[in-house]
Amino acid sequence: MFNKVLIANRGEIAVRIIRACRELGIRTVAVYSTADRNALHVKLADESVCIGPAATKDSYLNIQAILSACELTGAEAVHPGFGFLSENANFAKACKRCGVKFIGPDSKSIELMGDKAQAKETMKAAGVPVVPGSDGEVDTIERAKEIAQNIGYPVMVKASAGGGGRGIRMVESSEQLEAAMTAAKQEALSFFGNDGIYIEKLILNPRHVEIQILADQFGNVIHLGERDCSIQRRNQKVLEEAPCAIMTSQLREKMGAAAIEAARACSYENAGTIEFLLDDNQNFYFMEMNTRIQVEHPITELVTGVDLVKEQLLIAQGKPLSYTQDKIHLTGYAIECRINAENPKLNFRPSPGKIEALNVPGGPGVRIDSAVYQGYEITPFYDSMIAKLIAYAPDRVTAISKMKWALAEFLVEGVDTNIDFQLSILRNKDFLNAQVDNHFLDNKMAAGEL
């Protein structure tokens, strides 16, 4: 058992990891920027180390500072959470060189799945369905036009090193292709330091359905069912559900088996997520793999009863999986709403400031993952998500009803939030009828229905 784990992250995921460590009797080290000196994860951890100023490049992305904090505190392992350095192969390599266990997959798996074009080729070789498109990166406009013509418009230009909806452009005709490639390459270079791009067929009106997997160092791999993450704004998830409302047992078995093959194809270890596009005919296509814990992991925990973060810690310590596939059963329905400090009426403008008053909902089947408290100062330096509100019930209708009153009880004063916007989603008749796809929010907002 690890004696001490350093959490290389902030906010609610850092708090979540600290709590899992406590249950396993592991001491924790929080790292923080000068802007986060009063953050909840700093107050809850056994020890804390300031690693730099507010700018992420000087603190939460500062590999040398984080590893120095490990040496200073004697931390034997690092949990990267999500975002920041969680999918940085160089960080995983640096941890290994310093004798610190990286709680996640091997750097080779991160590199392989982090390159979206290479990941796609790996999946094709493993027999996992992939979206038709280019074989690897596309370097010239002539080659891009040839590929797009062969697979048919519309197409997507996507960053090879992308994620979080960055470096993506939709192209409906050959006349738009060159400008889209240029824009995608520039954005990719800015966010990922890599301007490589590839081309895929645009699957019309798909759902974004992802499969959670766990894998240990002994070759055991299981899946824990699916999450429907189709409610997105500009490729950023807003609300997630588990299970998917239109899923059948046969389709779940096929997608789960494909996810397990995907994990085996890259010799994966620890928690990961295989993301698929699911069309109206129940055809599914590999999109990407996230080599980390996901923001939306709580809904899987509620419908399976598996503590994913504790499993991550146990796997990293060389333990075999606590579960076999036949022990995984999906029970009930869970919905997660991401509560952000932003103003939907002003184009979702971030709303930093001091939380003057706070009341969080509770009761049976309601879970809050958050790191804010009354008097907490939300800074402008980081992501605007301040909480995840999760509702769990025996079925979808009851879960939606429970989420509605939970949102109505959620009071945050001092900053703007998207709570009312989340309520408008839950009241929409098409959402209530599970008639959603990846463009649901954009289309409903354009039509003035949200």
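This is a predicted model: local features need pLDDT of at least 70, side-chain atom pairs count only at pLDDT 80 or more; totals for chains, interfaces and linings use all residues.
Guide: Welcome! A residue counts as buried when its relative accessible area is under 20%, and as exposed when over 50%, with partly exposed in between.

Visitor: Thanks! Is Cys70 buried or exposed?

Guide: Cys70 has a relative accessible area of 1%, so it is buried. Cys98, at 49% relative accessibility, therefore counts as partly exposed.

Visitor: How many disulfides does the structure hold?

Guide: Here is the general idea. A disulfide is a covalent bond between the sulfur atoms of two cysteines. In this structure there are zero disulfides. Cys70 is in none, and its nearest cysteine sulfur, that of Cys95, is 6.4 Å away. Cys98 is in none either, with the sulfur of Cys95 again the nearest cysteine sulfur, at 7.2 Å. To count as a disulfide, the two sulfur atoms would have to be within 2.5 Å.

Visitor: Let's turn to helices. At roughly what angle do the axes of H7 and H8 cross?

Guide: In general, two packed helices are described by the angle between their axes and the distance between the axes. Here, helix H7 covers residues 141–151 and helix H8 residues 174–192; their axes cross at roughly 130° and come within 10 Å. The two helices are therefore oblique to each other. The crossing of H7 past H8 is right-handed.

Visitor: Which residues make the contact?

Guide: From H7, look for Ile141, Ala144, Lys145 and Ala148; from H8, find Ser174, Leu177, Glu178 and Met181.

Visitor: And how do the residues of that contact divide?

Guide: Five are nonpolar, one is polar and two are charged.

Key: Residues are numbered from 1 along each chain as its sequence is written. Side-chain values use heavy atoms; hydrogens and water are left out. Axes are lines fitted to C-alpha atoms, for helices over the stretch in contact, and angles run from 0 to 180 degrees between N-to-C directions. Helices (H or I, at least four residues) and strands (E, at least two) are DSSP runs, numbered from the N terminus. Angles under 35 degrees count as roughly parallel, over 145 as roughly antiparallel, 65 to 115 as roughly perpendicular and the rest as oblique. A crossing is left-handed if the near helix is turned anticlockwise from the far one by less than a right angle, and right-handed if clockwise. Contact means heavy atoms within 4.5 Å. Ala, Val, Leu, Ile, Met, Phe, Trp, Tyr, Cys and Pro count as nonpolar, Asp, Glu, Lys and Arg as charged, and the others, Gly among them, as polar. Buried means under 20% relative accessible area, exposed over 50%, partly exposed in between (1.4 Å probe, protein chains only).
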